[in-house]
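Take a walk through the structure below, contact by contact. Keep the viewer open as you read.

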Amino acid sequence: MNLNLLTIIVMFAVVLGLGYAALNFALTKKLKEGNDRMQEIAAAIREGANAFLRYEYKIVSVIGAAIALVLGLFIAWETGVAFVLGALLSAAAGFVGMKIATYANVRVTNTANETRHIGKTLKVAFRGGSVMGLCVSGFALFGVLVVYLCFGWAAGMLDFSGAVAEHVNPITGQSYNLSIILSGYALGCSIIAMFNRVGGGIYTKAADMGADLVGKTEAHIPEDDPRNPATIADNVGDNVGDVAGLGADLLESYVSAIMATVILAIELFAHTLALQSPAASSLYQKMMLFPILFAGIGLIGCVLGITFPLIKRKASKNPHTDLNLATWISAGVTLIGGCILSIFLFQGEGELLSVAKLRAGAVTPWIAAAVGIVAGILIGMISEYYTSYDFKPTKNIAKASKEGTALTVTQGMATGMISCMLPVVCLGVAIFACYALGGMYGVGCGAMGMLSFVAATVSVDTYGPISDNAGGIAEMSGLDSEVREITDKLDSVGNTTAAIGKGFAIGSAALATMSMMSSYLYAAAEKDLDSLLLNIISGDTLVGALLGAALPFLFSGLLINAVAKAARKMVDEVRGQFRDRPGILSGEERPDYKRCITISSQGALKQMILPAVLAIAFPIVCGFLFGAQFVGGILIGATLAAIMLAIYTGNAGGAWDNAKKYIESGGVEGAGKGSPEHDAAVVGDTVGDPLKDTVGPSLDILIKIMSTVSLVCVVVFKNYNLLQIPALQGLFGG
């Protein structure tokens, strides 16, 4: 019965979500593109984005094939297949999202030009963004269903009767169960997310920094001015970084949250429930099913929420209200449906619920998910307070620009650091509450709850870069200022709503990593449950934690260096074109846009490999050298440091960006575009660009990819490492 329930609800959700995405894709593409100049610019952006993603996927496919081969040989052939499936679906989501974004941008511009109505223009932008959101959730759930049915049900790994069904790898002789296969699927999604976020982030920020530093501060020409050679590259970057990168990132977060909870249910049953109560098999099955079914209900809720602003007869003039309503409707339907699901699944289990530490009875998983949702909203609201120019922190950064660039940068750094405390308090309270309700399974449900309506949040987030691109096309096409005002208004609303999305991403990363950590300890412990605890004062764990805490800083430094190298070449190119071809600034000669696109592409593709490979290889190499306890320390140290850095970089970068916009809107008396204060704010924004759009989002992926790859490989390196050599045993132990 449970299997039928899973198949019916989740398959219905997948078909509904992907079908609605296809409909919105067709309806968006059907709209007019505008005049010849608009079509020409849109085609150039589309061509650049397609070329970059095509070259990036070629590189990733080689690395991915090597990883899949290693997983298939030394872990499990099913894990290798699941890895490939995850990578393909994640890549497909990014590609489809990027495609629709490059079709929707010019249609948004044309709608604004023809209607001069912000509500009607919003519908086009949001419809385009919804394709990305629905594909992220739909593709992710489709993959989960395939892995669950093919390797769980058909292969007999769900046919438990008091013991976990396990298979044995013929090469290593190590046993494995369904959790390792599910981890392979999550790892495939993570690999694509890492490369898309890192590669796209380097691309977009190199172009953005080059355009700003020379165009705004030296040549004093407006943003997206067609005379700036880097403008097309900047608009391409919005699509490969903020759409394809964002989509793959949040698909990975979504999958990690679901898989972390399912995997933990498997390990809890294998090591605890089955031992304490042989009759717990039924409860175990339901604990496995709950996160997948909850995600299916979330996708159905998102379809309803996304539909609301699109079918309203009277288009609103307040886009913020419509976007918020779409999100709240999605969340509300998800919560109501999740409550019904939780009661339906877990009622009647009686004393078994206390054995599984589900202390609030049948509704425990649902309450934990609701706690996660509330925590994500609160973290987003705190991020908005520290980054929006409606509030004091960002206004203070804008005022600091009166004293020059140095104080602008200093004030932004201070704001970012201060902003770390309250989100961490929210995370701490959420983790404590979820753990008190349902142990580590409750923490996993909290992570899953945060992202249960991810289709709606991604739709809103993707709407932002589409609107941003639309404004660039309006500027480069020479349309009148009223069109740009509409697109700028839509873009600014997108920046505000994106703060909440970042809150969910950071919060879910922390909670999902903690759940994955528990699964890792179970997998490392085997039957010796005393080794589930990591002794922080033992030599191997302590040294691992120290190295792990340093890793996010090394990773971030590599990313910032990569952006700086690519941006330096971009700055030189833009300066060179202005110097050697004076007709560009006078409007008599068209810049060489393709040269700038090539520079950004080459810089991103060359620089993205080392940071991405480091995230994958570091825990594996350390595991085979120093064993499972050492890697456990690495995961703890890396998670703690990465959470702080992600919050700091995201909020500091966002505050610098909005401080610049506050000055441009006339918020600082006596300052405006082209003033020394504006120049200082532009430099601050440029410093923050790689932090908020490259480093911050990539750190979330770093800790999830490390925990996933560690869980997959621990079945091997727990028995095959240097510390297993008799002469070295006890060297690090406490």
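Predicted model: local features only at pLDDT ≥ 70, side-chain atom pairs only at ≥ 80, totals over all residues.

Skip its neighbours within four places in sequence, and M194 is in contact with G199, F555, A612, A615, S698, I701, L702 and I705. M194 also belongs to the largest nonpolar core, which has 241 residues. Together with Y185, M259, F290, I292 and Y441, M194 is among the residues that touch the most other members of that core. Which helix gives the most to this core? Helix 6, residues 231-276, does, with 23 residues. In soluble globular proteins, nonpolar side chains tend to be buried together.

Now turn to helix 2 (residues 36-74) and helix 3 (residues 77-115). Their axes lie 10 Å apart, and the packing angle is about 175 degrees. Angles over 145 degrees count as roughly antiparallel, so helix 2 is roughly antiparallel to helix 3. What classes of residue make up the contact of helix 2 with helix 3? The contact has 17 nonpolar, 10 polar and 3 charged residues.

Follow the chain past helix 3. R116 sits in the loop between helix 3 and helix 4 (118-154). Its backbone stands out: R116 is not a glycine, yet its phi is positive, about 55 degrees.

Finish at helix 8, residues 319-346. Helix 8 has 28 residues. From first C-alpha to last, helix 8 reaches 40 Å, close to the 40 Å expected at 1.5 Å a residue. G348 follows helix 8, with a positive phi near 90 degrees.

How values were computed
Residues numbered from 1 in each chain as written. Heavy atoms only, no water. Core = buried A, V, L, I, M, F, W, Y, C linked by side-chain atoms within 4.5 Å. Buried < 20%, exposed > 50% of the residue type's maximum accessible area, 1.4 Å probe, protein only. Helix = DSSP H or I, 4+ residues; strand = E, 2+ residues; numbered from the N terminus. Contact = heavy atoms within 4.5 Å. Axes fitted to C-alpha atoms, helices over the stretch in contact; angles between N-to-C directions. Parallel < 35°, antiparallel > 145°, perpendicular 65-115°, else oblique. Nonpolar A, V, L, I, M, F, W, Y, C, P; charged D, E, K, R; others polar. Expected span 1.5 Å × (residues − 1).
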